[in-house]
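Hi,

Here's the structure I promised to send over.

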Amino acid sequence: MVKVIIYPTNSLILSDLVERFGHQPIAMMEKIKEKISTVSVDSPPLNITAEDPKMGLKYAAVEVPAGVRGRMAIVGPMIDDAQAGIIVNESPMAFGCMGCARTNELTKYLIRQRDMPVLEVDYPRGDNEEEAKEFVYKIAEFLKSLPKDEEEGKA
Amino acid sequence: MSEKSVVKVALVSCGSEYAGVHKELESVAKSVDAKLVFPEIDVSSLDNIGRDFGIEAASPDLRLMMARARAVVEGMADVDGVFITSCFRCAEAAIVRNELRRYIHKYSDIPVISYSFTERTTAATLMTRMEALTTIARRKHLLAREHQTGLTAGIDSGSTTTKAVVMKDDRIIGSGWVPTIKVIESATEAFSRALEEAGVKQEDIQAIGTTGYGRFLVGEHFKAKLVQEEITVNSKGAVYLANKQKGPATVIDIGGMDNKAISVEDGIPGMFTMGGICAGASGRFLDMTAKRLGVDITELGALAVKGMQENVEMNSYCIVFGIQSLVNSLAKGSTPEDVAAAACYSVVEQIFEQQLQEVDVREPLILVGGSSLIEGVPKALSKLLKIEVLVPPNSHLIGAVGSALLASGFVEG
């Protein structure tokens, strides 16, 4: 089992696929859940405080807007933690979306820079069922190719 | 390359031509005998560079920047330095600029600087940076010097204080430190004190080096053999005084008016940043804090280490608001110790937020400049970065020592 970061980072479908093939998805939902359930922090709705954009400075310079850095404070460590990645390009908003084009650019870049297996696939367009099957097939094959356990991963 | 060669600097920008600053860029390059060149690229590469490089930037000119940076790294462009620049306040450009700077630094040994401009950016603003860039390209042999030889002197004409040292065979034998009032007079006074302490005459000095804001004026007055900006001089001086000349180091210099963060490898600066948004992130703020607390600046550090910064909310992002929060906290009954600690922490926090993001912090971290003597400052920096901060002996004389060291390269025999 390896930790797989998904892009879009909050895609339920991708997260589910990763889990089905026995790996651990690294997804935004889990991190947001941690944020909002942190007791003693009162910064609704997401419990992101002024400290978070400062933490995001590790990933984006001070000139980059606070909203990007606040998002990167969550996404950046997810990328650092990943052992593999799946990037789905050109997907519709309903498939998953970070809501910020700049964060999207930086997130994809940082995933690509990591020395780890990364699959990039385009989201199937139109109603072509074959394309959709091919899309899922590529992801499935990629997930199957990843090590099943820690030892295999090291080897 | 020889010292007299024109330094070819690759301009990697997303449209300085449209921002009304291009003339200034050309002007600053000319003043340091450099030439700005646009790296040639294969036009067809622009279609895929977003995917190839990894950032699918919406702006085509940012893609052009990536293609040009890649041309530099792959050796298609024959250049000695790189200047990456984009508009201030453009988020996408800030992301691309930062990643390109890291990319060039990682995959080549070509010195690189980055800057975000507004239409008000002038050649003078960029002077020190561009001078440092060309020095690193042109004077690597001089920067490789590890020992001071002969009898040399260094004068650092800073914005707040002027420092001078006389050195002989790797030892400081005399020093002088005076407030800067009139540039030449203050330099003369500091230099005289250093000469007196060393017990030597000015005519015995084999070479003089000058640095700091008043370097040109002072250099001309004392017929200095080396007139050099503070980035290269101070980084050299820092690793020399800290005895960390080999391998990586990070130098932070908190000066009276601005501050510098410099990533150094074998004593030669790689990436560096200068400035800060406001004087709030400089020694000036600490000076004003000391005055408001009614203590001498030399006593502020001892006061700060006794205080708890967490007890006072202070932000020196702007020096005016910084002083305001200082006054407010005192009015609310905060102790001078807590206020002093908060002021030190605030300055360090600004440096962390504004500048340390732009250089890769690699240990050892060497803190220099007058502010390094204020004990609360290295303590706050160490707490913030969670690493040990090294303050070398004579850290306040850094520019003068670096100048004397480098000037000894001009001593014959």
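Within chain B of this predicted model, 8 residues of domain 1 are in contact with 6 residues of domain 3. On the domain 1 side, H4 and helix H5 (123-138) of chain B are the elements that give two or more residues. H5(B) gives the most, with 4 residues. By class, that side of domain 1 divides into 4 nonpolar, 2 polar and 2 charged residues. The C-alpha centres of these two domains of chain B are 30 Å apart. For orientation, chain B is split into domain 1 (7-138), domain 2 (151-231 + 398-410) and domain 3 (245-391).

Now the chain-chain side of things. Here 16 residues of chain B are in contact with 17 residues of chain A. The side of chain B facing chain A has 6 nonpolar, 5 polar and 5 charged residues.

One more bit to look at is helix H14 (residues 376-385) of chain B. Which of its residues are buried? They are Gly376(B), Val377(B), Pro378(B), Ala380(B) and Leu381(B). The buried residues of H14(B) pack against H13, helix H11 (297-306), and strands E10 (248-254), E13 (365-368) and E14 (389-390) of chain B. Just past the end of H14(B), Lys386(B) has a positive phi of about 60°.

Cheers

Methods. Residues are numbered from 1 along each chain as its sequence is written. Chains are lettered from A and ligands numbered from 1 in the order in which they are written. This is a predicted model: local features need pLDDT of at least 70, side-chain atom pairs count only at pLDDT 80 or more; totals for chains, interfaces and linings use all residues. Two residues are in contact if their C-beta atoms, placed from the backbone, lie within 7 Å. Ala, Val, Leu, Ile, Met, Phe, Trp, Tyr, Cys and Pro count as nonpolar, Asp, Glu, Lys and Arg as charged, and the others, Gly among them, as polar. A residue is buried if 20 or more other C-beta atoms lie within 10 Å of its own, exposed if 12 or fewer, and partly exposed in between; C-beta atoms are placed from the backbone. Domain bounds come from an automatic or database domain assignment.
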